Amino acid sequence: MSQRFFQNSLKYKETGGIPPQLLHDTMIITLIRILIYIPLGLALRVSQPYRVVGKEGEVPLRCSFSSKLKPEEMQVSLYKGLHGRESLCSAYVNLSEPYFTTDGTVNCRGNISSGRVDMIISGLRGNDTDIYRCEIEILFPPPYLRTIGNGTVVYIQETPNCPTASTQSQSQSQTSEREAVKNDVDPLPLLYAILIITSCSLILQMIACKWRASTATAPMLSQKESYMKF
């Protein structure tokens with residue numbers, strides 16, 4: 001009994017008077033706090049403007065981010081809709097070459113500088129007016145961090161269906177071709193048509209005169225016959 005008490009007292013002295021089990025639990029709690037607070041201290045934040053206006057199918061968008069880490073490799077994605085996961089474009093970027101571009105019906109091009117992503121979104125139409133959210137992922141160095149922005153209202157102005165310079169030049173060339181065709185028409189067919197119409201009108205006039213003359217002589221003959229009978 002005295003020997004066990006002596007051994008426990010030696011252990012307490014080695015741990016500064018703290019029981020070993022309590023010391024073990026304290027170390028685990030401290031390690032958990034470190035694992036939790038380090039990522040919180042390196043938290044990634046993304047902010048976006050409230051509203052931007054685009055025209056001719058293009059709109060500029062800036063996504064600002066802040067973190068205590070100095071990212072070297074990132075993934076930049078753009079989502080359409082407040083809660084949707086429709087990805088319009090996504091690009092892996094190594095900050096040694098911070099420029100990126102994507103292909104598709106809607107494409108994005110831009111670059112990453114200190115704490116911001118400046119991109120141009122192309123291929124949008126009037127019905128694409130919606131909320132667009134930036135997602136930033138820091139891939140390297142660790143730890144992996146990922147945050148999505150609060151969203152930006154992107155308003156796309158409708159492009160009026162006005163004739164462009166090319167269409168105007170095409171219409172002018174077509175009208176000039178039509179006028180040239182009209183000028184190149186041979187005048188002989190037109191002369192023949194005039195002669196035919198004139199001849200037909202003369203013939204009709206002669207027929208009408210003969211018919212009138214015949215109708216005028218018929219009553220005179222009938223009168224002569226009546227006189228002779230009388």
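## A buried cysteine and its partner

Cys89 is buried, with a relative accessible area of 7%. This value, like the others here, comes from a predicted model. Cys89 is joined to Cys108 by a disulfide, with an S to S distance of 2.0 Å. The two cysteines sit in distant parts of the chain: Cys89 belongs to strand S5 (residues 86–94), Cys108 to strand S7 (residues 107–113), and 19 residues separate them. Cys108 is buried too, at 0% relative accessible area.

Which hand does this disulfide have? The torsion about the S-S bond of Cys89 and Cys108 is about -75°, so the disulfide is left-handed.

## The other disulfide

A disulfide is a covalent bond between the sulfur atoms of two cysteines. A search of the whole structure turns up 2 disulfides. Cys63 and Cys134 form one of them, with sulfur atoms 1.7 Å apart. This pair also ties together distant parts of the chain: Cys63 lies in strand S3 (residues 58–66) and Cys134 in strand S9 (residues 130–140), 71 residues apart.

Are these cysteines buried or exposed? Cys63 is buried, with a relative accessible area of 1%. Cys134 is buried at 0%. Now number the bonded cysteines in sequence order: the pairing reads 1-4, 2-3.

Strands of a sheet pair through backbone hydrogen bonds, either parallel or antiparallel. Here, 5 strands make an open sheet in the order S1-S3-S8-S7-S6, and the pairing is antiparallel. Which strands form the edges? They are strand S1 (45–47) and strand S6 (99–101), each pairing on one side only. On average, neighbouring strands of this sheet are turned by 20° against each other, direction ignored.

Pro60 stands opposite Ile120 in S8.

## Salt bridges

Side chains of opposite charge can pair when their charged atoms come close. The whole structure holds 5 salt bridges. One of them pairs Glu58 with Arg109, and their closest N and O atoms are 3.7 Å apart. Glu58 is in strand S3 and Arg109 in strand S7, so this pair links distant parts of the chain, 51 residues apart. Glu58 is partly exposed at 34% relative accessible area. Arg109 is partly exposed at 36%.

Arg146 and Glu135 meet in another salt bridge, 2.8 Å from N to O. Arg146 lies in strand S10 (residues 145–148) and Glu135 in strand S9, 11 residues apart. Their surroundings can be read from the accessible areas. Arg146 is partly exposed at 43%, whereas Glu135 is buried at 3%.

## A network of charges

Which residues are linked in a network of salt bridges? They are Arg62, Arg116 and Asp118. Asp118 has 19% relative accessibility, so it counts as buried, the cut-off being under 20%. Arg116 is partly exposed at 31%.

## A nonpolar patch on the surface

Tyr92, Leu139, Phe140 and Tyr144 form a nonpolar patch on the surface. Together they have about 400 Å² of accessible area. Phe140 lies in strand S9. At 38% relative accessibility, Phe140 counts as partly exposed.

Methods. Residues numbered from 1 in each chain as written. Predicted model: local features only at pLDDT ≥ 70, side-chain atom pairs only at ≥ 80, totals over all residues. Heavy atoms only, no water. Disulfide = S-S within 2.5 Å. Helix = DSSP H or I, 4+ residues; strand = E, 2+ residues; numbered from the N terminus. Buried < 20%, exposed > 50% of the residue type's maximum accessible area, 1.4 Å probe, protein only. Patch = residues over 30% accessible without salt bridge, like charges linked within 9 Å, V, L, I, M, F, W, Y side chains within 5 Å. Areas by Shrake-Rupley, 256 points an atom, 1.4 Å probe, with all protein chains shown as cover. Salt bridge = Lys/Arg side-chain N within 4 Å of Asp/Glu carboxyl O. Pairing = 2+ DSSP bridges. Axes fitted to C-alpha atoms, helices over the stretch in contact; angles between N-to-C directions.
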